[in-house]
Amino acid sequence: MGKTDEQKQLDEVMMELNAIIHTSKDNIVVTDGEGKVLRVSANCHEIYGIPPEDLIGSNVFDLEKRAIFSPSVTKKVLKEKKKQQIIQHTKTGKFVMATAYPVYDGSGKIVRVISYSHDMTEIMSLKENYERLTEQIRRYETELEELRDKETRIDGVISASPGMKRVMELVQRVSKVDATVLLLGESGVGKNVIAHAIHRKSERKNGPFIEVNCGAIPEGLLESELFGYEAGSFTGANKSGKPGIIELSDEGTLFLDEIGEMPLSLQAKLLKVIQEKEFTPVGATKMKKVNFRLIAATNKNLEEMVRQGKFREDLYFRLNVVPILIPPLRQRKEDVLPLIQVFLQKFTEKYDMEKRIDESATRSLLEYSWPGNVRELENLIERLVVTTDGSVITKFQLPDILQLHDRDETDLDVEIHPQRKLKDILEEVEAKVILKAYEQCRTTQQMADLLGISQPSVVRRLQKYKGNSSLNE
Ligand SMILES: Nc1ncnc2c1ncn2[C@@H]1O[C@H](COP(=O)(O)OP(=O)(O)OP(=O)(O)O)[C@@H](O)[C@H]1O
Ligand SMILES: [Mg+2]
């Protein structure tokens, strides 16, 4: 008996439908309006761990109870009467994104629900991997940042230059032992900063850090300030006596700043404390024991003071156990930019302002020789933050001395230290000026005109500084 055309068409549609269902990578489940499974694609075994023949005819409510669909997306569609999407965790350990659609008949009644379940296990594990990697990268980034920070800023001390790196290496090493440290360097280079850093890194970090500026206390008071006094030991003294700074530094660090200002009369007593870790308060008869680590600092040339008889040689040797020379800022250009950044941040926060320093100004700041060292830089940045209009600091807002600064014309970086007298410094400057003019001129007369001096005087100076003059008159 031959098939009718209609039957043949139906067969073809069935064939196509089966092909669509079974070739889909997603698992397809078709139920009726009551949730009874009518059709299911063969890959349900792989995803839900149950063969198609066991699913067909079962009800989704029942399958949900058996935790095969957990939860059932079809059930949700039947309840909400619209498209639903959920993530299921199946018995086979897979993550599945299930999307289901209702199919209505002419009267608006749900007659079928069709669901597609997409295996997300791989994507989920990729996502997890991705998140883990992102987290790892974030951690490495912070670590790297911290390391970089450590490189240029140890405990808030900027040390990007080779000179400061050497200082910080020494600080690191010396802080682990109790040796006396003598901090040397021009005013404003950071001697106090380094003294603090040594204390913070040392075993004594939980003990006191006691700082005395030997230059700031009147000579007559320094002894009782340092060593303390017994009750009633002198007129005007506190009746009950007073412990001195040295006693207060017990178990901690004693920082004697401006040690060069220590009067000769007290130097012997100080030497004794350092040597014997014992001292006698003013007016007392009994010795007191004390245990401190000594750091001293000065911008004076102590050796020279010893030669001049202003500083005891034995005390100098006692202090000079580990000398640390902090170079002037002009010899550590690499520190200037990080210092600018630190101070800019400090003062914009302090004054609650938004400011940045533009490139032209930064260049001038980098070129300047900073005779007042870090303190001068810090003060200037504070002044700029407070006194400039607008949010950008430009070259034109810098003080004249920085604006006029042009490396070529003022390359007269002279060092000032106690052994060099003004006469020597002026001679050095004069030599540089003469030699520079010599490079620019063809005749000695031209030089004389340029410098505003007589031609014989040019010749004389050339002979002095160059040994001859190979220029025409
Ligand atoms: N390496 C640094 N990193 C950050 N700030 C610094 C650094 N060096 C110095 N400073 C800052 O510069 C200023 C001057 O430093 P400090 O008082 O330590 O200098 P000093 O050598 O003791 O000067 P003086 O000889 O005049 O006593 C301080 O405000 C300090 O915080
Ligand atoms: Mg100081």
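## The pocket that holds ligand 1

In this predicted model, ligand 1 takes up the space of the second largest pocket. Around ligand 1 there are 18 residues, and those that come nearest are Ser 187, Gly 188, Lys 191, Asn 192 and Glu 378. Sorted by class, the shell around the ligand consists of 7 nonpolar, 6 polar and 5 charged residues.

Seen at the level of domains, the shell draws at least three residues from domain 2 (163–325) and at least three from domain 3 (332–394).

## Polar contacts with the ligand

Oxygen atoms of ligand 1 take part in polar contacts with the protein, and these involve both side chains and backbone. A polar side-chain atom of Asn 192 is found 2.6 Å from an oxygen atom of the ligand, while for Arg 375 a polar side-chain atom lies 2.9 Å from an oxygen atom of the ligand.

The domain assignment divides the protein into domain 1 (24–119), domain 2 (163–325), domain 3 (332–394) and domain 4 (411–473). Between the centres of domain 1 and domain 4, taken over C-alpha atoms, the separation is 98 Å.

## Two details of the backbone

Which peptide bond is cis, the one that joins Ser 70 and Pro 71, and where is Pro 71 found? The bond between Ser 70 and Pro 71 is a cis peptide bond, with an omega of about -10 degrees, and Pro 71 belongs to the loop between helix 4 (60–65) and helix 5 (73–80).

A further detail concerns Glu 251, which has a positive phi of about 70 degrees although this residue is not a glycine. Glu 251 is located in the loop between helix 10 (245–248) and strand 12 (253–257).

Conventions:
Residues numbered from 1 in each chain as written. Chains lettered and ligands numbered in written order. Predicted model: local features only at pLDDT ≥ 70, side-chain atom pairs only at ≥ 80, totals over all residues. Heavy atoms only, no water. Near = heavy atom within 4 Å. Polar contact = N/O pair within 3.5 Å; in protein donor to acceptor, adjacent residues only side chain to side chain. 1 Å grid on protein atoms, 1.4 Å probe; cavity = no way out; pocket = protein on both sides within 12 Å on 5 of 7 lines; lining within 4 Å. Sits in = over half its atoms within 2 Å of the grid points. Nonpolar A, V, L, I, M, F, W, Y, C, P; charged D, E, K, R; others polar. Domains from an automatic or database assignment. Helix = DSSP H or I, 4+ residues; strand = E, 2+ residues; numbered from the N terminus.
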